[in-house]
Amino acid sequence: MKRASASAKINLALVVGPQRDDGYHEIVTVLQRIDLSDRIEIENADELRVDGFAADTLVRRALELLAAQTGACWRARIEKRIPVAAGLGGGSSDAAAALALANETLPQPLAGDRLHSLAAELGADIPFFLTDGPQLATGIGTDLEPLDLPQDFWIVLVLPHGERKRSTADVYGTFDGGAGFAERRDTLLAALGAVRHPVDLAALPSNDLATSPLRDELRAAGAFRADVSGAGPAVYGLFVQERDAKDAAHRLRTRGRVWLTAPAWYG
């Protein structure tokens, strides 16, 4: 049996462009893993089975796709800790971990670029979870470039009470702010180029796709940057000092589920 953690992500910035001919939107986003993770177990089996999380679809689809390529079969178990449909990529991370673990069981594992292609067939952010460290994602999110970003800060993550996320496809489908994409993209890239210390991340542009009043509350609580992750509804605040992050987490506990966490480099 093989086991791995499957970490959540936050979008440190998300710039969205107009809809492309293929129906997707052009994006530029900064993806950062965080130390909040599910656990995935994989073992060879006679028939495909996924246990532990009844609502799973992505892990099953990932294993079906790999099985079609290789003829192998697996049993997977998911231990969920990442909140579902929150903009944190939990399902995508689970699928990537399952793909990677199942691939390791093969007598002749698929090469990294082939695994990346399979992941991209499943979802735009799944290839990110096959990489280490923060990444700049462009195109529809599958074109990745490693980023050298500071990792010495604290993260307060808030999932607001009573908010339900619309599907990501629906959120993108109603987005009408594609004008000026090139300028916003260039602003993001220029800000990234100037990042040397954690507080420099404050200059990154705000999420184009979603906003939340909790963003301002986190800033008022001392965050040097706060924003919605992905299509939401989870909101994060970044803090230099652990004590300030702990104080903010305590203040915001009545507003939703709260986690105090930190950046993660892999898994």
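The buried residues of H6 pack against strand E7 (154–160), strand E8 (225–228) and strand E9 (235–239). The model is predicted, so local features need pLDDT of at least 70 and side-chain atom pairs count only at pLDDT 80 or more, while totals for chains, interfaces and linings use all residues. Residues are numbered from 1 along each chain as its sequence is written, and side-chain values use heavy atoms, without hydrogens and water.

**Exercise 1.** Determine which residues of helix H6 (residues 213–220) are buried, and how they are arranged about the axis.

*Solution.* 
1. Helices (H or I, at least four residues) and strands (E, at least two) are DSSP runs, numbered from the N terminus.
2. Buried means under 20% relative accessible area, exposed over 50%, partly exposed in between (1.4 Å probe, protein chains only).
3. In H6 the buried residues are Leu-214, Arg-215 and Leu-218.
4. Viewed down the axis, the buried residues of H6 fall within an arc of 110 degrees, so they line one face of the helix. The arc is taken over directions from the helix axis to the C-beta atoms.
5. On the face turned away from the buried side are the exposed residues Pro-213 and Ala-220.

Notes: Contact means heavy atoms within 4.5 Å.
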